[in-house]
Amino acid sequence: MDPQPSTGVRQAVRTGALVLAGLLTATGCSGTAGPVAARSAGASPPPPDPAVLRLDKPTTVLGTWNESLDRRLTMVAQSTMSGLKPLLDGEPGSAVGTAYIPVKEEHSAELGLYRPGDRRVVLLSGVSGTVPDPERALDQIFARLTAITEVTPVPPGPVGGSSRCGHGRSGGVWFDVCAWADRHTLGVVHLADFPQTAQPQEIFRQIRAQTEHAAP
């Protein structure tokens, strides 16, 4: 049996751990880091009520991508979610931490749970509540992610707030990381092993729009 799919899973998890574990150490960071600290372009003024928005886990993303059953992937997203919580003023009102994949996972005694053929992964992490300073939160999220380069402000989309994206390579895997912050929510979308011709900003905005909703 070809072990390559299992290797792809391990690469994706290793990359996610490298990039997103930095987020956990960044939550206590009080400074800024060079160009990463630049204020996001296109930021829109937030509405006044911190309880008006919540995060809900999408059933699917990008049309047909289903939630992964692989705990090696979901645990990375959940760890990132936990690292976002200290950036809130108070407890989160809602939280999301999961992974999505484009193919049906298979299981074998030799490989365990693996993804045949397509190794791309989306990791989605976020929390809602009261965000005292969205720009500072983005500074802290990206400050310790030294594997990510060319972090730049990007349009946040119709939901508003501020957002930034960066990219990098580790273990032969290309990845993009985008994060958003507004007065009500914080979130990180990690795209692993997507082709460099992909449009990470558009993918990020689409996934964010599926996740962030008006609170009932």
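Trainee: Which residues of H2 are buried?

Mentor: General idea first. An α-helix has 3.6 residues a turn, so residues three or four places apart point the same way. Now the case here, in a predicted model. The buried residues of H2 are Leu73, Thr74, Val76, Ala77, Thr80, Met81, Gly83 and Leu84. Read the list with that spacing in mind.

Trainee: How does H4 do on the span check?

Mentor: H4 covers residues 200-211, twelve residues.

Trainee: How many helices and strands does the chain have?

Mentor: Four helices and twelve strands. The chain has 216 residues, and 51% of them are buried. Its accessible surface is about 9500 Å², with 53% of that from carbon and sulfur atoms.

Trainee: What share of the contacts joins residues at least 24 apart?

Mentor: Count contacts between residues at least 6 apart in sequence; 74% of these join residues at least 24 apart. Arg183 and Thr130 are 53 residues apart in sequence, yet their C-alpha atoms are 6.0 Å apart. Arg183 sits in the loop between S10 and S11. It is partly exposed, at 35% relative accessibility.

Trainee: Where is Ala179, and is it buried or exposed?

Mentor: Ala179 is in strand S10. With a relative accessible area of 0%, Ala179 is buried. Leaving out residues up to four places away in sequence, it touches Leu138, Ile141, Phe142, Ser162, Ser163, Arg164, Gly187, Val188 and Phe204. Ala179 and Val154 are 25 residues apart in sequence, and their C-alpha atoms are 9.7 Å apart.

Trainee: Which cysteines form a disulfide?

Mentor: Check the sulfur distance, then the torsion. A search of the whole structure finds one disulfide. Cys165 and Cys178 form it, with sulfur atoms 1.9 Å apart. Cys165 lies in S9 (residues 162-170) and Cys178 in S10 (residues 173-181), so the pair ties together parts 13 residues apart in sequence. The S-S torsion is about 110°, so the disulfide is right-handed. Both Cys165 and Cys178 are buried.

Trainee: What does the side chain of Ser128 make a polar contact with?

Mentor: For a buried polar side chain, look for a partner. Ser128 is in strand S7 (residues 121-128). At 2% relative accessibility, Ser128 counts as buried. Its side chain makes a polar contact with the side chain of Ser94, at 2.5 Å. Beyond four places in sequence, Ser128 touches residues including Leu53, Arg54, Leu88, Pro92, His184 and Thr185.

Trainee: Which residue has a phi near 55°?

Mentor: Leu62, a positive value in a residue other than glycine. Leu62 is in the loop between S2 (60-61) and S3 (65-67). It is partly exposed, with a relative accessible area of 22%.

Trainee: Where is Glu150, and what is its phi?

Mentor: Glu150 is in strand S8 (residues 149-154). Its phi is positive, about 50°, although Glu150 is not a glycine. At 59% relative accessible area, Glu150 is exposed.

Conventions: Residues are numbered from 1 along each chain as its sequence is written. This is a predicted model: local features need pLDDT of at least 70, side-chain atom pairs count only at pLDDT 80 or more; totals for chains, interfaces and linings use all residues. Side-chain values use heavy atoms; hydrogens and water are left out. Helices (H or I, at least four residues) and strands (E, at least two) are DSSP runs, numbered from the N terminus. Buried means under 20% relative accessible area, exposed over 50%, partly exposed in between (1.4 Å probe, protein chains only). Contact means heavy atoms within 4.5 Å. Accessible areas come from the Shrake-Rupley method with a 1.4 Å probe; for residues, only the protein chains shown count as cover. The expected span of a helix is 1.5 Å times one less than its number of residues. A polar contact is a pair of N or O atoms within 3.5 Å; within protein, one must be able to donate a hydrogen and the other to accept it, and residues adjacent in sequence count only if both atoms are side-chain atoms. A disulfide is a pair of cysteine sulfur atoms within 2.5 Å.
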